Amino acid sequence: MIVSAGSAVELALERARGFVEAKGSVLARERFDALLGDDRSRRRVEAVLTAWRCADGGFARLTLPSPVRPGAGTVAGALEALGVLDEARIRRGPIVEGVAAWLGPAQGDDGAWRAPREEGLASEDADPIFLTGMLAGHLAKLPCGSPRTLERAEAYLTSCFTPDLLETGDWRSLTAYTHLCSNGGGELADEALQWCGRALEKGLRSGRLRPLDAARALLVGDVRTLPGTLTDTQRVASDLLAEQEADGSFAAEGSTHDRVEATLLGARALVRAMGRRAAWTPA
């Protein structure tokens, strides 16, 4: 066994793994094993991911079957692919360089990324602030990509920033700004991170945010905590243990794909809290 018995976290991981093995795709199963430190699975994650890679270096959406003849990349596909690569700590190589280069021409004149309607995103997932913050955060972690592309994205997010955006919206705005400003963000970073921490703490106390939302923000930000909050990875892990479902998942509702993604996120947070070697690799 990769994990030993006796620890509540280790037992929770075993239960989560059982759910992903039963309900997840090949890619999801390899992602879970990579979270537990299996370097062979890390390499297989990248190999499986190439099935969605397009000729232009971008990606088709991972939520769809891998295309027989990959065409042009999509904004949603780029975000999904970069999320998987980041989760597996893959930040170098041709596949990363290709999608980073693809993002430059796909960027709008104002520095934002927008997903065309045909990509089929829900309105909240198509929010340009969310898309731009998440994509820019990934670019800020990578040793490749155009600095000008990142600068333009940072300028757009700076022009859109207000504390109310973080405190009244759902997890998306909070996560987008945490992602970018923990890894870059220029002059915006110091101010925005203070507000991110406050919004995270208030959101958890009010019930507007769930422990899984807090886990997502801290994980993509590559931080253990944020200024202005008492919440850290250890507290989030403790809260997540209480929320795990009987079947090992970390989401009782939603599509099978969404429940698998939530379970991978919860497992990633638990692994981070355990301080495993494979779980903490700052950008």
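Asp170 counts as partly exposed, because its relative accessibility is 32%; buried here means under 20% relative accessible area, exposed over 50%, and partly exposed in between, with a 1.4 Å probe and protein chains only. Before we go on, a word about the model: it is predicted, so local features need pLDDT of at least 70 and side-chain atom pairs count only at pLDDT 80 or more, while totals for chains, interfaces and linings use all residues. Residues are numbered from 1 along each chain as its sequence is written, and side-chain values use heavy atoms, with hydrogens and water left out.

Let us stay with Asp170 for a moment. You will find Asp170 in the loop between α8 (163-168) and α9 (171-183). Its side chain makes a polar contact of 2.3 Å with the side chain of Arg172. A polar contact is a pair of N or O atoms within 3.5 Å; within protein, one must be able to donate a hydrogen and the other to accept it, and residues adjacent in sequence count only if both atoms are side-chain atoms. Setting aside neighbours within four places in sequence, Asp170 is in contact (heavy atoms within 4.5 Å) with Glu124, Arg208 and Leu209. Leu212 is 42 residues from Asp170 along the chain, and the C-alpha atoms of the two are separated by 12 Å.

Now step back to the whole chain. It has 13 helices and zero strands, where helices (H or I, at least four residues) and strands (E, at least two) are DSSP runs numbered from the N terminus. The chain is as compact as a globular protein of its length, because its radius of gyration of 18 Å is close to the 19 Å that the globule rule gives for 283 residues. That radius is taken over C-alpha atoms, and the rule is 2.2 Å times the number of residues to the power 0.38. Along its principal axes, the C-alpha trace spans about 55 × 45 × 30 Å. Of the 283 residues, 54% count as buried. Among contacts with a separation of 6 or more, 64% come from residues 24 or more positions apart.

The chain carries 34 positive and 39 negative side chains, and the centres of the two sets lie 4 Å apart. Lys and Arg count as positive and Asp and Glu as negative, with His and the chain ends not counted; each charge is placed at NZ of Lys, CZ of Arg, CG of Asp or CD of Glu.

Glu201, in helix α10 (residues 188-206), counts as buried because its relative accessibility is 6%. Its side chain is joined to that of Arg235 by a polar contact of 3.3 Å. Beyond four places in sequence, Glu201 touches Gly228, Thr229, Leu230, Thr231 and Arg235. Arg148, in helix α7 (residues 147-160), counts as exposed because its relative accessibility is 52%.

We finish with backbone angles. Most residues other than glycine have a negative phi. Arg89, in the loop between α4 (75-87) and α5 (94-106), has a positive phi of about 65° although it is not a glycine. Arg89 is buried, with a relative accessible area of 16%. Asp222 also has a positive phi, near 55°, and lies in the loop between α11 (211-221) and α12 (233-243). At 13% relative accessibility, Asp222 counts as buried.
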